Amino acid sequence: DLAVVVTPDAVLVARRDDPSSVKKLVEQLKQHSSSSSLPGIRQMTLLPGERISVPGVPDHARHWLVLMGTASVTIADMTRRLHKHESFQVPPETECILENSGADRLRIVEIELPPA
């Protein structure tokens, strides 16, 4: 149930049941594929019970995809629980708390989305 998009500069893995999100990310990758302003892509791993504060990024939204484990994402007073293959968009300039709320290792891919 995953869509995988490969370009010379990046690889996108996302759920196929969220076509608008996949379409938006693919369009941004295509638009920036030949420039030096590609979105930042990184992987985060947290051990069970580990919790980190993730600062907001000015002018950039971030898209998180859970590869394994269970995450709790807290923004202001809202907490959302994410499981394997679920994703979440963090708005620009938004600080949040990311916590491994499961019994196994949590692995997340973060794609930093440049301004539109």
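Visitor: How many bridges join strand S5 to strand S10, and which way do the two run?
Guide: In this predicted model, strand S5 (residues 61–68) and strand S10 (residues 106–113) are joined by seven bridges, and the two strands run antiparallel. Within that pairing, Val 66 has Ile 108 in S10 as its bridge partner.

Visitor: What order do the strands of the open sheet take?
Guide: The open sheet is formed by four strands in the order S3-S10-S5-S8, with antiparallel pairing. Strand S3 (41–46) and strand S8 (87–90) are the edge strands, each of them pairing on one side only. From one strand to the next, the twist averages 25°.

Visitor: Switching to charges, how many salt bridges does the count come to?
Guide: The count comes to two salt bridges. In one of them Arg 42 is paired with Glu 110, and their closest N and O atoms are 2.8 Å apart. Because Arg 42 belongs to strand S3 and Glu 110 to strand S10, this pair ties together parts that are 68 residues apart in sequence.

Visitor: And what does Glu 110 do with Arg 62?
Guide: Glu 110 forms a salt bridge with Arg 62 as well, where the closest N and O atoms are 3.8 Å apart. Since Arg 62 sits in strand S5 and Glu 110 in strand S10, that pair ties together parts 48 residues apart in sequence. Through shared partners, the salt bridges join Arg 42, Arg 62 and Glu 110 into one network.

Visitor: Is Glu 110 buried or exposed?
Guide: Glu 110 counts as buried, at 4% relative accessibility, and Arg 62 is buried with a relative accessible area of 1%, whereas Arg 42, at 42% relative accessibility, counts as partly exposed.

Terms used. Residues are numbered from 1 along each chain as its sequence is written. This is a predicted model: local features need pLDDT of at least 70, side-chain atom pairs count only at pLDDT 80 or more; totals for chains, interfaces and linings use all residues. Side-chain values use heavy atoms; hydrogens and water are left out. Two strands pair if DSSP finds at least two bridges between them. Axes are lines fitted to C-alpha atoms, for helices over the stretch in contact, and angles run from 0 to 180 degrees between N-to-C directions. A salt bridge is a side-chain nitrogen of Lys or Arg within 4 Å of a carboxyl oxygen of Asp or Glu. Buried means under 20% relative accessible area, exposed over 50%, partly exposed in between (1.4 Å probe, protein chains only).
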